[in-house]
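User: I would like to learn how to read a structural model feature by feature. Could you take me through one, giving the general idea before each case?

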Amino acid sequence: MTNTPDESVTVIGLGLMGQALAAAFLTAGHPTTVWNRTPGKAAGLVERGAVLAPSVADAVRASSLVVVCLTDAGAVRDTLGPHRAELAGRTLVNLTSGTSGEARELAALTASYVDGAIMAVPEVIGSPEAFLLFSGSQEAFDRHRDSLGRLGTATFFGTDPGLASLYDVALLGVMWGTLNAFLHGAALLGEAKVEASAFAPFASQWVGSVTGFITAYAAQIDRGAYPAEDATLETHLATMKYLVRESAAAGVDTEWPARIQALTERAIEGGHAGTSYASLVEVFRGRA
Ligand code: FVH
């Protein structure tokens, strides 16, 4: 990564995330132009040397790399759709959340389109702990790799512009599933007067142990074979029933554990009784 960037960058959208993106480019020394529907949000960045463009067209024309971060795909379409002429020959990096289908549609805005997803909060933008997922034009990503690397740890997943968004939602699903499981456990233990902060270190340690299964199960999924090297689905099912019964007895939500049990029962009905937990992927694929 070069240390003294001379590449000018434009950031369109100065919400909580857009402000952090523009600030990271300024900190790295990039000549930075900004635009926001509500111009007042640019004040702090202008004080740091950013140029506030009077219009979207001026903002796009100011840089070879245009980064947009708005509320949703509709806002991106409304804001940049009328400016395809200005976007021609420039790279547009869209860091707005959205679906893979929306990303593929927005890729029509310019030949040099890169879609992205930010797995981080604004506070960590500019540090390696900010993970940014990209897909779309490989040539464009490679050309601006150093500049995009100023935002955090950047990974390019492939030329399908929708891929970064799919990774984003899949990873968010891992986050929500994990947090739901912790919160359900905290509710259950709370009925026994156990504080969440007492449960937390055990839950964190256990999440760390459980992530060890991910690599092994990924290999089984890719091979399409699910040998029970740790525990069979029948063993899992027996203990899942305890979670359902304990939840009912404690008067906390039973839908969450019952859903887990139902998925496993469906896999067993599909002939996976003696296989590993990874065989539930067949249920999620709608094949069990
Ligand atoms: N904030 C976060 O931690 C998450 C981390 C993961 C990725 N998300 C996504 O980033 C996009 C922007 O999120 P945000 O937190 O910056 O959102 P806001 O602070 O609400 O700012 C929204 C900006 O979008 C502008 N805007 C909205 N609608 C329009 C429109 N129709 N035309 C033009 N601009 C529009 C808004 O402008 P203004 O209200 O200031 O005038 C803000 O600049 C988002 O996709 C997250 O999912 C962030």
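User: What is the secondary structure of the protein, and what share of its residues is buried?

Analyst: Please keep in mind throughout that this is a predicted model. Its secondary structure comes to 13 helices and eight strands, and the C-alpha atoms fill a box of roughly 65 × 45 × 35 Å along the principal axes. Of the 288 residues, 41% are buried, while the protein exposes about 14600 Å², with carbon and sulfur atoms supplying 59% of that area.

User: Which residues of helix H12 are buried, and which helices do they pack against?

Analyst: The general idea is to ask where the buried residues lie around the helix axis. In helix H12, residues 255-272, the buried residues are Pro257, Gln261, Leu263, Thr264, Ala267 and His272. These residues lie on the same side of H12 because they cover an arc of only 155 degrees around its axis. On the other side of H12, Glu255 and Glu269 are exposed. As for partners, the buried residues of H12 pack against helix H9 (163-190), helix H11 (233-250) and helix H13 (280-284).

User: How many cavities of 30 Å³ or more does a search of the whole structure find, and what lines the largest cavity?

Analyst: The general idea here is that a cavity is a set of points where a probe fits but cannot get out. The search of the whole structure finds one cavity of 30 Å³ or more, and the largest cavity has a volume of about 40 Å³. Its lining consists of Ala73, Asn94, Thr96, Ser97, Gly98, Thr99, Glu102, Ala103, Leu106, Asp115 and Ser165. Helix H6, residues 100-106, gives the most to this lining, with three residues. Sorted by class, the lining has three nonpolar, six polar and two charged residues.

Notes:
Residues numbered from 1 in each chain as written. Predicted model: local features only at pLDDT ≥ 70, side-chain atom pairs only at ≥ 80, totals over all residues. Heavy atoms only, no water. Buried < 20%, exposed > 50% of the residue type's maximum accessible area, 1.4 Å probe, protein only. Helix = DSSP H or I, 4+ residues; strand = E, 2+ residues; numbered from the N terminus. Arc of directions from axis to C-beta. Contact = heavy atoms within 4.5 Å. 1 Å grid on protein atoms, 1.4 Å probe; cavity = no way out; pocket = protein on both sides within 12 Å on 5 of 7 lines; lining within 4 Å. Points joined across faces, edges and corners; volume = space filled by probe spheres on them. Nonpolar A, V, L, I, M, F, W, Y, C, P; charged D, E, K, R; others polar. Areas by Shrake-Rupley, 256 points an atom, 1.4 Å probe, with all protein chains shown as cover.
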